[in-house]
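The entries follow in the order I took them.

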Amino acid sequence: MSALEVPEGSDFPLSNLPYGVFSPSPGQPTRVGVAVGAQIIDLFSLFGDEVFSSSSLNAFMAEGPARWSEVRHDLQERVSDEQAAERLAPHLVPQSSAQMHLPIEVADYVDFYASEHHARNMGHLFRPGSEPLTPNWKHLPIGYHGRAGTVVVSATPVRRPCGQRKEPTEALPSYGPSAKLDIEAEVGFVVGVPSERGTRVGIDAFSDHVFGVVLVNDWSARDIHSWEYVPLGPFLGKSFATSVSPWVVSLAALDAARVWPPKQNPEPLAYLRSAEPWGLELSLEVELNGTVVARPPFAEMYWTAAQQLAHMTVNGASLRTGDLFASGTVSGKEAAGWGSFLELSWNGERPVRLGDGTERTFLEDGDQVVIRASARSADGGRLGFGSVSGRVLPALE
Ligand code: CA
């Protein structure tokens with residue numbers, strides 16, 4: 001026997017080692033595991049530490065960066081050992097038979113709006129004739145507090161929401177199923193180490209608090225949203241469901257993907273200036289019913305996650321283990337890199353053609369959306385995030 005076998009092109013090479021929560025088969029107790037190739041290493045079985053027999057990663061994430069690093073180094077040695085396959089065999093579970101769970105118990109959920117291209121597209125669509133970026137946009141990372149309790153794991157079906165809608169051409173609102181159900185392809189950051197209320201988390205303390213990264217689909221009902229959002233921002237058009245990928249890729253695994261964000265002009269205030277590059281070169285892919293409809297480039301995001309974390313706590317708001325903050329829709333400059341159907345179909349004016357010959361503006365019942373991402377790994381290869389997927393169920397009668 002030799003090192004663990006990783007199929008060619010797997011999202012989970014030995015350089016990745018993302019964490020998730022799984023049951024070896026549906027209905028069995030939950031464990032913390034690490035994905036390698038098509039297998040999961042059961043960390044409770046391997047280490048016997050209670051922290052890994054939990055129903056979420058929160059207990060492990062709360063232990064902090066020294067411990068995360070210790071476990072990662074231990075695993076790196078074990079998986080590359082010449083007898084790895086033989087020694088780890090009793091602790092391996094095939095991903096094909098496991099059931100994946102929501103990896104974190106979500107504490108607070110914040111969603112940002114960090115892509116300049118997305119913000120400009122939204123401005124053009126909803127405030128035609130005026131400057132697309134609001135005056136605050138280049139001075140602070142704009143965000144809102146979302147609904148933590150409706151964050152669900154990938155593969156959970158999403159029911160079309162009902163609510164009040166009113167198109168600008170209509171005199172009065174009506175109630176019914178959203179006719180403009182959409183996605184937002186995003187990247188989410190998971191907080192491990194909390195902070196004390198009344199203190200700030202400085203921008204250069206980012207990696208002391210943030211454990212890792214997930215993919216996020218921020219399902220959005222555009223018609224409900226456009227009627228309700230003024231003046232307090234997103235509410236029921238967003239809060240019905242937010243899906244996340246089951247595997248949390250650690251910050252350490254993304255070292256080789258770190259880049260400086262695009263040049264920021266005007267220069268942000270001092271608390272938003274970082275000594276380190278916290279942009280990430282991730283290639284996203286959005287697929288609808290088997291057709292890739294967009295490839296959003298995360299490296300083009302204007303605000304970084306470190307700036308977002310510093311901004312989120314600059315008023316003394318505390319962090320909790322399990323806080324999730326998402327980047328906002330990842331949209332690049334080019335239309336092929338736009339991360340929502342609102343943009344791809346230009347609010348329904350330009351339908352998107354799928355491989356089966358059908359066309360979409362917004363989502364139809366039964367549609368299946370899958371978002372994937374990959375990045376450069378430390379060994380010069382490629383690592384992946386797995387995926388976040390969801391199928392649209394019809395609205396309740
Ligand atoms: Ca969003």
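**Entry: a buried aspartate.** I began with D218, which has 1% relative accessibility and therefore counts as buried, the cut-off being under 20%. I kept in mind that this is a predicted model.

**Entry: the calcium ion.** Next I asked which protein donors the calcium ion has. I found D111 (OD), E184 (OE), E186 (OE) and D218 (OD). They lie 2.2 to 2.3 Å from the ion. Along the chain, I read the donor spacing as D-x72-E-x1-E-x31-D. Is D111 buried or exposed? I noted 2% relative accessibility, so D111 counts as buried.

**Entry: cis peptide bonds.** I looked at omega next. Most peptide bonds are trans. I noted a cis bond from V230 to P231, with omega near 5°. P231 is in the loop between α7 (222-228) and β16 (242-244). I logged another cis peptide bond joining N265 and P266, where omega is about 5°. P266 belongs to the loop between β18 (258-259) and β19 (279-280).

**Entry: positive phi.** Most residues other than glycine have a negative phi. I wrote down two residues that go against this. A155 is not a glycine, yet its phi is positive, about 85°. I located A155 in the loop between β8 (151-153) and β9 (158-159). Its relative accessibility is 57%, so A155 counts as exposed. W346 is not a glycine either, and its phi is positive at about 45°. I found W346 in the loop between α9 (341-344) and β23 (352-353). Where A155 is exposed, W346 is buried, because its relative accessibility is 15% and the cut-off is under 20%.

**Entry: S283.** I picked this serine to check its surroundings. S283 is part of strand β20 (residues 282-288). It is partly exposed, with a relative accessible area of 45%. What does S283 touch, leaving out residues up to four places away in sequence? I listed P296, R372, A373 and S374.

**Entry: the whole chain.** I finished with the overall figures. I counted nine helices and 26 strands in the chain. The C-alpha atoms fill a box of roughly 70 × 50 × 35 Å along the principal axes.

I then checked burial and contacts. Of the 397 residues, 54% count as buried. Among contacts between residues at least 6 apart in sequence, 72% join residues at least 24 apart. The accessible surface comes to about 17,000 Å², and 52% of it belongs to carbon and sulfur atoms.

Last, I looked at charge. I recorded 31 positive and 47 negative side chains. The centres of the two sets lie 5 Å apart.

Definitions and conventions:
Residues are numbered from 1 along each chain as its sequence is written. This is a predicted model: local features need pLDDT of at least 70, side-chain atom pairs count only at pLDDT 80 or more; totals for chains, interfaces and linings use all residues. Side-chain values use heavy atoms; hydrogens and water are left out. Helices (H or I, at least four residues) and strands (E, at least two) are DSSP runs, numbered from the N terminus. Buried means under 20% relative accessible area, exposed over 50%, partly exposed in between (1.4 Å probe, protein chains only). Contact means heavy atoms within 4.5 Å. Accessible areas come from the Shrake-Rupley method with a 1.4 Å probe; for residues, only the protein chains shown count as cover. Lys and Arg count as positive and Asp and Glu as negative; His and the chain ends are not counted. The place of a charge is taken as NZ of Lys, CZ of Arg, CG of Asp or CD of Glu. Donors are N, O and S atoms within 2.8 Å of the metal (3.2 Å for Na, K and Ca); water is not among the atoms, so sites may look incomplete.
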